[in-house]
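Welcome, and please open your viewer. We will go from one selection to the next, with a short note on what to look for at each stop.

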Amino acid sequence: MKITLRQLQIFVEIAKSGNVSQAADAVAISQSAASMSLAQLESLLDQTLFSREGKRLVLNDVGRAWLPKADALLQQAQSLEKSVHQPDSVFGHLRIAASTTIADYVLPSLMNDFQQQYPDVSIDLMSENTGACVEDLLALKADVALVEGLVTHKGIKLIPWQDDELMVCCHPGHPLGKRKTVNEKELVKYPWVSRENNSGTRRMFETVLPDVAQSRDVILTMNSSSAIKNYLQHNQKSLACLSEQVVAQELNAKQLISLKIKDHTLQRQFYWVDYQAKMLSTAGQCFKDFIMG
């Protein structure tokens with residue numbers, strides 16, 4: 001078989017962008033050369049890798065199976081090339097997709113410590129909901145992913161990482177603010193501010209308190225836990241479910257309070273997402289080892 005790394009590189013770039021012209025720009029060749037490279041690769045495989053949807057090229061089943069393998073080979077080749085010149089260094093570019101709570105409140109200090117140890121690794125951190133993080137990992141837009149919600153997908157394995165607790169929070173002036181314990185029926189009497197549908201926080205809340213989730217009046221939906229927290233500090237009528245990581249400072253300062261729900265706790269875990277078809281780069285493996293301890 002005469003497949004070249006250049007053909008694999010062009011295939012991966014087309015898969016990421018869905019566009020031959022953008023892929024050609026990414027590898028600094030002409031559009032016709034990129035098209036020819038893809039055609040040669042498909043001829044060698046005797047398989048098509050994409051289907052055409054309008055002006056976009058979309059991976060078919062064969063292409064989806066090939067993508068993580070091709071990307072892994074390219075990363076290995078890059079590491080091999082660089083190791084000749086810097087045999088003792090860990091270097092590279094790491095794209096991390098993380099659920100918003102993890103990205104905003106957990107990872108910044110860890111990334112600082114990691115880069116103190118590995119100064120030649122640059123990092124892009126993408127803050128998204130759990131569903132988007134997994135989609136980016138599968139599409140190779142992210143090298144690693146950390147999420148706060150359960151995910152079921154073929155080829156994906158969740159590895160428990162850190163414990164977390166969700167809290168029903170409100171302004172100190174809320175009608176329930178003086179109560180030591182509240183029950184589910186009381187929670188549905190007040191308006192709610194909620195995360196979006198694919199949020200791990202929202203999924204966890206709906207799993208533990210399904211009756212409340214179905215009956216509550218959601219007056220506002222936001223894709224940012226920080227935005228919800230700030231909203232609650234200005235609104236004495238609404239409730240919201242947020243991670244302890246998000247509201248720790250506000251609880252200590254008594255700017256917000258948490259409500260204890262009778263017979264319920266909202267414990268959950270953060271997860272490292274393993275895409276089993278994709279081999280981690282050296283930088284990715286070092287980051288995994290670093291944060292998993």
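Throughout this tour, a residue is called buried when its relative accessible area is under 20%, exposed when it is over 50%, and partly exposed in between, using a 1.4 Å probe and protein chains only.

Two notes before we start. This is a predicted model, in which local features need pLDDT of at least 70 and side-chain atom pairs count only at pLDDT 80 or more, while totals for chains, interfaces and linings use all residues. Residues are numbered from 1 along each chain as its sequence is written, and side-chain values use heavy atoms, with hydrogens and water left out.

**Stop 1: the whole chain**

Show the chain as a cartoon. There are 12 helices and 12 strands; these are DSSP runs, with helices being H or I of at least four residues and strands E of at least two, numbered from the N terminus. The C-alpha trace spans about 70 × 45 × 30 Å along its principal axes.

A contact here means heavy atoms within 4.5 Å. Among contacts in the chain with a separation of 6 or more, residues 24 or more positions apart account for 73%.

**Stop 2**

How many salt bridges does the structure hold? There are 10 salt bridges, each one a side-chain nitrogen of Lys or Arg within 4 Å of a carboxyl oxygen of Asp or Glu.

For one of them, select Asp 71 and Lys 278, whose closest N and O atoms are 3.6 Å apart. Asp 71 sits in helix α4 (residues 61-85) and Lys 278 in the loop between β12 (267-275) and α12 (282-292), so this pair ties together parts that are 207 residues apart in sequence. Are these two residues buried or exposed? Both Asp 71 and Lys 278 are buried.

**Stop 3**

Move to the loop between β8 (191-195) and α8 (200-208), where you will find Glu 196. Glu 196 counts as buried because its relative accessibility is 15%.

Display the side chains around Glu 196. With Arg 195, Glu 196 forms a salt bridge of 3.0 Å, N to O. Arg 195 has 3% relative accessibility, so Arg 195 counts as buried too.

Glu 196 also makes a side-chain to side-chain polar contact with Asn 129, at 3.1 Å. A polar contact is a pair of N or O atoms within 3.5 Å; within protein, one must be able to donate a hydrogen and the other to accept it, and residues adjacent in sequence count only if both atoms are side-chain atoms. Leaving aside residues up to four places away in sequence, Glu 196 touches Asn 129, Arg 202, Thr 221, Met 222 and Asn 223.

**Stop 4: along helix α8**

Arg 202 is buried because its relative accessible area is 16%, whereas Glu 206, with 32%, is partly exposed. Elsewhere, select Glu 148, Asp 164 and Arg 268: salt bridges that share partners join them into one network.

**Stop 5: helix α12**

Begin with Ser 281, in the loop between β12 and α12. A polar atom of the Ser 281 side chain lies 3.0 Å from the backbone nitrogen of Gly 284, and Ser 281 counts as buried at 15% relative accessibility.

Next, colour the buried residues of α12: Ala 283, Gly 284, Cys 286, Phe 287, Lys 288 and Ile 291. What do they pack against? Their partners are β3 (92-99), α5 (100-117), β4 (121-128), β5 (144-147), β6 (156-170) and β12. After α12 comes Gly 293, with a positive phi near 70°.

**Stop 6: two loop residues with positive phi**

Select Asp 46, in the loop between α3 (31-45) and β1 (50-53). Although not a glycine, Asp 46 has a positive phi of about 55°, and at 70% relative accessibility Asp 46 counts as exposed.

Finish with Lys 254, in the loop between α11 (244-252) and β11 (257-261). Lys 254 is not a glycine either, yet has a positive phi of about 60°; with a relative accessible area of 66%, Lys 254 is exposed.
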